[in-house]
Amino acid sequence: MLKLENVHSYYRKIHALKGISLHVKEKSICCLIGANGAGKSTTLMAISGIQGIRQGNIILRGDFISKLPPEEIVKRGVVQVPEGRRIFPDLTVRENLILGAYLHRDRKKTKSLAEKAFTLFPILKERREQRGGTLSGGEQQMLAIARALMASPRLLLLDEPSLGLAPLIVEQIMAIIRQIRDDGLTILLVEQNANAALELGDYGYVIETGRVVLEDTSCELLKNPRVKEAYLG
């Protein structure tokens, strides 16, 4: 579904991505793991069109999207859930979801998508008239994912969905991500909790200082001594 070929990106003079190449297969969970500052989030931002690239190609279903603006990339089915959730705290859960469906002009379609979101996240249905800023951290993460799903993505980019959450909530979020994949959605997951990511994912890439240094099935990466020592504790 998605390929990155020798992608280079800079923050002014800082060479953030140094030739990233990866392949995300359709209806799978592909994981990016690595330390803080390795380039994981920058990779997602480059795919989304938010971070420009100086060299290389980003290819979605055979089409080159490297030069497209973010809004056009969203229209092509690539939607990102950013690190830190970034919901609208003064809007209700329902209003946050409606904003996620801005591409859809049909009210019936928007209503149907909202009902699907409430089925996937029952707690959000209970909180639908509650302001987003009053939700717990886990509920805000659920809302951020649900809002992204309102855009009917083909490829979902998830940036650190477990960040700052209690272990029990992390388990719930990961179970929901697995269910979304099982329903046919393709997911590219950036996650500092390498153990949780690899147990969830199908395939993985290890990024260090802007480069892919390892790639394999998630099962093999879990057994890899280098990965165990550096990321699994």
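**Exercises on strands, a helix and side chains**

In this predicted model, four strands form an open sheet in the order 2-1-4-5, with antiparallel pairing.

**Exercise 1.** Determine which strands stand at the edges of this sheet, and explain why one side of each is left without a neighbour.

*Solution.* Begin with the order of the strands, which is 2-1-4-5. Strand 2 (14-24) and strand 5 (63-64) stand at the edges. Each has a single partner strand, and therefore one of its sides has no neighbour in the sheet.

**Exercise 2.** Describe how strand 1 and strand 4 pair, and name the residue opposite Lys3.

*Solution.* First, locate the strands: strand 1 covers residues 2-11 and strand 4 covers residues 55-60. Next, note the sense of the pairing, which is antiparallel, over five bridges. Finally, look across from Lys3 to strand 4, where Ile59 stands opposite.

**Exercise 3.** State which strands helix 1 lies across, and give its angle to strand 2.

*Solution.* Helix 1 spans residues 40-48. It lies across strand 1, strand 2 and strand 4. Its direction makes an angle of about 70 degrees with strand 2.

**Exercise 4.** Identify the ring over which the charged end of Arg54 sits.

*Solution.* The ring belongs to Tyr10, and the charged end of Arg54 is 3.9 Å from the centre of that ring.

Terms used
Residues are numbered from 1 along each chain as its sequence is written. This is a predicted model: local features need pLDDT of at least 70, side-chain atom pairs count only at pLDDT 80 or more; totals for chains, interfaces and linings use all residues. Side-chain values use heavy atoms; hydrogens and water are left out. Two strands pair if DSSP finds at least two bridges between them. Helices (H or I, at least four residues) and strands (E, at least two) are DSSP runs, numbered from the N terminus. Contact means heavy atoms within 4.5 Å. Axes are lines fitted to C-alpha atoms, for helices over the stretch in contact, and angles run from 0 to 180 degrees between N-to-C directions. A charge sits over a ring if NZ of Lys or CZ of Arg is within 6 Å of the ring centre and within 35 degrees of the ring normal.
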